[in-house]
Amino acid sequence: MDAIDQHANGVRNGTPIVSDYRTLAHALGRYREPSSARSVLEVAITAVPFVLVWTLMWASLDAGYWIGLLLAVPGAGFLVRLFMIQHDCGHGSFFRHRLANDWVGRIIGVLTLTPYDFWRRAHALHHAGSGNLDRRGIGDIDTLTVREFLALSTARRLLYRLYRHPLVMFGLGPAYLFILRHRLPTGLLRSGWQPWLGAMATNVAIAALVATMIRLLGVGPFLLVQLPITLLAASIGVWLFYVQHQFEDTFWAHEESWDFHQAGLQGSSHYDLPLILRWFTANIGIHHVHHLCSRIPYYRLPQALRDHPRLAAVGRLTLVESLRCVRKVLWDERRHHLVSFREMETALPSAAHESAAPDSRNGVSPTL
């Protein structure tokens, strides 16, 4: 019997309900130890094909740009995988030694346009407060409750709707995030000089690499190759992060009822992708296990899932099911799940009726 079997006390919507999250997190600790040889191999089988695809895409420009655009798809896939290696380095899980994690992460950050030291701190804050309604704002997707949304002015409601529109969230937003916003470590002004130094060093390295490539290839050829790869990889990356926490039965709670381990397991999805997509995304879809124990290197996450098979049902989303997550934009504190704008509008009359009578469970009137 695995750890989740030992601590499951029921089923909700086909998903096991776990009662002892801390014990389960402790049981997952046995998968934390990285293999240096495996980690080096993972870097090699990701970086070398990325360079080869990039070179082939450049070489094919004269044969027709449509060939290059087709090659941008695997190119973006390898760049996403490089970002996942950088992600594991940020958690200190990819290599045994911190220096190895930090310098590999910093070098990859030049290719992913992501300043490593800044991102590592922002992402640590995301893990520390994931699912906490009182600690939103850094390293996550901005999410309002129904009550907060209804309290906004008409103009600010429109801005939130615009922010949540798929064309902005997965099109314009990723381009802005990786190309412009990552150039300055905004949001961590009180975290000392290291994020700023790291961001500026990354910017200098990016500028030097871009200048060198333009000098060798020319502005046009460089942009025709790099821009499609970067933009597609950025959109994929934001989509993955979105689906990991923005699904109907995710977890949000205020500080007094929030629990780190419960939020990690119930507030993170198991994005059950086809095998080839699992490889390119470096098993990041096993996100609930990652949030329970972030020091597990990505190549050991599948083994943790195999050894604890009932974890596979927790927060599981298929590729088709994940498409419906785009509509889930507001946290309904009454029903404890994400809802769409339409679901919110439909529920308003019944919510107003319910609020007129005391709640039989706790003697208070529920509000949106």
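Contact here means heavy atoms within 4.5 Å. The model is predicted, so local features need pLDDT of at least 70, side-chain atom pairs count only at pLDDT 80 or more, and totals for chains, interfaces and linings use all residues. Residues are numbered from 1 along each chain as its sequence is written, and side-chain values use heavy atoms, with hydrogens and water left out.

**Stop 1: Glu42**

Select Glu42, in helix α3 (residues 36–59). Helices are DSSP runs of H or I with at least four residues, numbered from the N terminus. Glu42 has a relative accessible area of 4% and is therefore buried (under 20% relative accessible area; exposed is over 50% and partly exposed in between, with a 1.4 Å probe and protein chains only).

Now show what surrounds Glu42. Leaving aside neighbours within four places in sequence, Glu42 is in contact with Arg81, Ile85, Phe94, Tyr298 and Tyr299. With Tyr298 there is a side-chain to side-chain polar contact of 2.8 Å. A polar contact is a pair of N or O atoms within 3.5 Å; within protein, one must be able to donate a hydrogen and the other to accept it, and residues adjacent in sequence count only if both atoms are side-chain atoms.

**Stop 2: aromatic rings**

Rings of Phe, Tyr and Trp (its six-membered ring) pair if their centres lie within 6.5 Å; planes under 30 degrees apart count as stacked, over 60 as edge-to-face and the rest as tilted. The count by this rule is 18 aromatic pairs.

Go to Phe149 and Tyr160, a tilted pair with 5.9 Å centre to centre and 55° between the planes. Phe149 is in helix α7 (residues 146–150) and Tyr160 in helix α8 (residues 154–163), so the pair ties together parts eleven residues apart in sequence. Both Phe149 and Tyr160 are buried.

Next, select Phe170 and Tyr242. Their ring centres are 5.2 Å apart and their planes at 80°, so this pair is edge-to-face. It links distant parts of the chain, 72 residues apart: Phe170 is in helix α9 (residues 166–180) and Tyr242 in helix α11 (residues 219–245). Phe170 counts as buried at 14% relative accessibility, and Tyr242 is buried at 1%.

**Stop 3: the lining residues**

Finally, select His127, Ser130, Trp258, Phe260, Ala263, Gly264 and His291, which line the largest cavity. A cavity is a set of points, on a 1 Å grid over the protein atoms alone, where a 1.4 Å probe fits but cannot get out; lining residues have an atom within 4 Å of a point. Helix α12 (residues 260–266) gives the most to this lining, with three residues.

Definitions and conventions:
Helices (H or I, at least four residues) and strands (E, at least two) are DSSP runs, numbered from the N terminus. On a 1 Å grid over the protein atoms alone, a cavity is a set of points where a 1.4 Å probe fits but cannot get out, and a pocket is an open set with protein on both sides within 12 Å along at least five of seven lines; lining residues have an atom within 4 Å of a point.
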